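Here is a short report on a single protein chain. Please keep the sequence and the model open while reading.

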Amino acid sequence: MLRTLRRALRSARLRIPARRFSAGIAALPPTAREALGTDVTAEEAIAYNRSRVATATAVALYRSGYTPPMRDLDLDDAVHALDFPHSVPSQETRAAIRAALAVLDADYTVTVTH
């Protein structure tokens, strides 16, 4: 599973290209401090970082052919496979991953191309 999650996280409009990548090629979304600055509150930073991890993980899972439902252990493995620093998936993060994955799965205009 970890090998299949190593996919490029490149922007796409309605189609999500599925591509393999080697370590260091995929750019992860900026952290809360990078995106929102130093004046961000702790609650805003937590919400932003949780959303950033969840969205990137859901896109990687969807590109790799995974669809809901998914076990907690599989979601944890996916987060760790994407090398998010200091990321220990919480119940809230897992719920956000499941929600984002469900949106991708439900939207008929989003497809994975190989």
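## A buried loop residue

M70 counts as buried because its relative accessibility is 10%, under the 20% cut-off. The model is predicted. M70 sits in the loop between α3 and α4. Along the chain, M70 and L101 are 31 residues apart. Their C-alpha atoms are separated by 9.7 Å.

P69 belongs to the loop between α3 and α4 as well. The peptide bond that joins P68 and P69 is cis. Its omega is about -5°. Most peptide bonds are trans, and most residues other than glycine have a negative phi.

## The chain overall

Five helices and two strands make up the secondary structure of the protein chain. Their order along the sequence is α-β-α-α-α-α-β. The protein chain has 114 residues, and 34% of them count as buried.

Take the contacts in the protein chain with a separation of 6 or more: 66% of them come from residues 24 or more positions apart.

## Helix α5: one face in, one face out

Helix α5 covers residues 91–106, 16 residues in total. From first C-alpha to last, α5 reaches 22 Å. That is close to the 22 Å expected at 1.5 Å a residue.

Which residues of α5 are buried? They are T93, R94, I97, L101 and L104. Seen down the axis of α5, these buried residues fall within an arc of 100°, so they line one face of the helix. V103 and A106 are exposed, on the other side of α5.

## The nonpolar core

The largest nonpolar core has 17 residues. Which of them touch the most other members? The answer is L61, F84, I97 and L101. Helices α3 (42–63), α4 and α5 each supply at least two residues of this core. The largest share, seven residues, comes from α3. In soluble globular proteins, nonpolar side chains tend to be buried together.

Which residues does I97 contact, leaving aside neighbours within four places in sequence? They are A54, T57, A58, L61, L75 and V79.

## Helix α4 and a buried aspartate

In α4, the buried residues are D74, L75, D76, A78, V79 and A81. Two of these, L75 and V79, are in contact with I97. D76 is found in α4, which spans residues 72–81.

Is D76 buried or exposed? D76 counts as buried because its relative accessibility is 15%, under the 20% cut-off. What does D76 touch, not counting residues up to four places away in sequence? P89 and R94. The side chains of D76 and R94 are joined by a polar contact of 2.8 Å.

## After α4

D83 follows α4. The phi of D83 is positive, near 60°. Most residues other than glycine have a negative phi.

Methods
Residues numbered from 1 in each chain as written. Predicted model: local features only at pLDDT ≥ 70, side-chain atom pairs only at ≥ 80, totals over all residues. Heavy atoms only, no water. Helix = DSSP H or I, 4+ residues; strand = E, 2+ residues; numbered from the N terminus. Expected span 1.5 Å × (residues − 1). Buried < 20%, exposed > 50% of the residue type's maximum accessible area, 1.4 Å probe, protein only. Arc of directions from axis to C-beta. Contact = heavy atoms within 4.5 Å. Polar contact = N/O pair within 3.5 Å; in protein donor to acceptor, adjacent residues only side chain to side chain. Core = buried A, V, L, I, M, F, W, Y, C linked by side-chain atoms within 4.5 Å.
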